[in-house]
There are 2 protein chains.
Amino acid sequence: MLVTQKTQYTLRAMVELAKHHGRGPIKIAAIAEAQSIPIRFLEVILSQLKPSGWVVAKRGHRGGYQLSRSPRYITVGDLIRFLSRDQGSDFCTLNVRRHACDAIGDCAFLPMWKKVQEAIFQVFDMTTLESLLEKGDHGGQVMDNVIYLDRRCSR
Amino acid sequence: MLVTQKTQYTLRAMVELAKHHGRGPIKIAAIAEAQSIPIRFLEVILSQLKPSGWVVAKRGHRGGYQLSRSPRYITVGDLIRFLSRDQGSDFCTLNVRRHACDAIGDCAFLPMWKKVQEAIFQVFDMTTLESLLEKGDHGGQVMDNVIYLDRRCSR
DNA sequence: TCTATTTCATACTTTTTTGGTATGAAAGAT
DNA sequence: ATCTTTCATACCAAAAAAGTATGAAATAGA
């Protein structure tokens with residue numbers, strides 16, 4: 001739910017579009033090829049992005065997709081918010097519903113979920129498509145004052 | 001994947017156990033009742049926590065569960081890491097696999113996923129069962145220097 | 001205007017994950 | 001002994017995610 005395969009396909013496709021920004025439309029097939037995305041699935045994905053103006057499409061010969069605005073002003077955060085728009089949870093990326101523990105009155109976990117949600121978007125919102133195109137460490141400036149604990153998944 | 005219903009049941013059950021810490025075992029049925037968790041499901045959940053020493057069980061008359069150590073030293077982070085231990089993603093809470101975009105060489109998104117993962121556990125790791133018992137705003141001290149953008153899920 | 005190309009809209013199928021049940025055995029207290 | 005409670009494992013159902021199919025509608029260029 002947080003980051004599904006579809007989410008990742010979407011981001012990859014958008015980055016691919018960003019790469020070619022300003023050089024006319026690029027075909028679904030080409031994006032699918034470049035990013036190893038099942039072409040039919042990508043068709044569905046892109047046509048869902050269009051109505052809200054993320055991308056502009058052109059049909060027919062020499063048609064294809066292109067970004068509607070500069071990759072500099074498109075953030076991962078905005079995209080992910082968009083992708084989880086009609087997904088019932090109260091914290092869009094987490095899977096948590098506010099009324100989950102209604103029975104107990106006001107849920108003791110709520111402040112925590114809220115903080116996590118904010119922390120997540122703190123990162124997503126600072127990541128633009130453009131920044132993703134730049135090789136090397138990008139977008140790290142903001143969190144540099146935080147001490148990261150090196151705790152990994154145990155397995 | 002990130003936070004499933006089972007995850008939330010687990011946390012609620014642990015908080016319930018924390019409430020009664022030091023006062024002998026408490027029955028599954030009582031926890032289930034207090035936290036509105038399906039009892040059979042909770043049985044499964046708790047018996048999965050036992051082998052790794054999160055809880056101690058006692059069978060038979062006057063049996064039940066209790067925490068194996070103080071709620072002060074049990075963090076949500078540790079619990080969530082435990083719950084997602086054998087779930088193939090490289091960033092345990094996100095659903096992202098490192099080799100997802102192998103084709104493209106080194107994935108442009110990796111640094112971002114890593115930062116998000118760290119940001120999430122920054123919060124989870126500072127939240128102890130004990131802190132969840134305290135009413136009011138708890139655990140907020142660390143993130144206080146961060147400027148939160150008020151961006152919500154659009155819907 | 002015809003044709004090849006490409007997106008578009010919608011619906012369907014399959015697979016995977018999640019959520020939850022069932023059953024009966026084992027252990028412990030009185 | 002017996003009642004209570006956990007324990008281990010297997011099973012089932014529902015929901016979500018992933019992916020496919022079909023044919024229609026534009027568009028460019030010959």
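**Entry 1: chain A**

I counted the secondary structure of chain A and found six helices and two strands; helices (H or I, at least four residues) and strands (E, at least two) are DSSP runs, numbered from the N terminus. I work here with a predicted model, in which local features need pLDDT of at least 70, side-chain atom pairs count only at pLDDT 80 or more, and totals for chains, interfaces and linings use all residues. Residues are numbered from 1 along each chain as its sequence is written, while chains are lettered from A and ligands numbered from 1 in the order in which they are written.

I read the order of elements in chain A from the N terminus as α-α-α-β-β-α-α-α. I then looked up burial: 39% of the 155 residues of chain A count as buried (20 or more other C-beta atoms within 10 Å of the residue's own, with C-beta atoms placed from the backbone). Among contacts in chain A with a separation of 6 or more, 57% join residues 24 or more positions apart; a contact requires C-beta atoms, placed from the backbone, within 7 Å.

**Entry 2: DNA strand C**

I listed 26 residues around DNA strand C, of which A:Ala57, B:Thr4, B:Gln5, B:Pro38 and B:Gly60 come nearest; a residue is near if its C-beta atom, placed from the backbone, lies within 6 Å of the strand. Helix 3 of chain A gives the largest share of this surface, four residues. By class I noted nine nonpolar, nine polar and eight charged residues (Ala, Val, Leu, Ile, Met, Phe, Trp, Tyr, Cys and Pro are nonpolar, Asp, Glu, Lys and Arg charged, and the others, Gly among them, polar).

**Entry 3: DNA strand D**

Around DNA strand D I listed 27 residues, with A:Thr4, A:Gln5, A:Gly60, A:His61 and B:Ala57 nearest. Here the largest share, four residues, belongs to helix 3 of chain B. The classes are ten nonpolar, nine polar and eight charged residues.

**Entry 4: a helix pair in chain B**

I looked up how helix 1 (residues 5-19) and helix 3 of chain B cross: their axes come within 10 Å, at roughly 75 degrees. The two helices of chain B are therefore roughly perpendicular to each other, a term that covers angles of 65 to 115 degrees. The axes are lines fitted to C-alpha atoms over the stretch in contact, and angles run from 0 to 180 degrees between N-to-C directions. In this contact, B:Lys6, B:Tyr9, B:Thr10 and B:Ala13 of helix 1 meet B:Phe41, B:Leu42, B:Ile45 and B:Leu46 of helix 3. I recorded six nonpolar residues, one polar and one charged in the contact.

Terms used:
Parallel < 35°, antiparallel > 145°, perpendicular 65-115°, else oblique. Contact = placed C-beta atoms within 7 Å. Buried ≥ 20, exposed ≤ 12 C-beta atoms within 10 Å, placed from the backbone.
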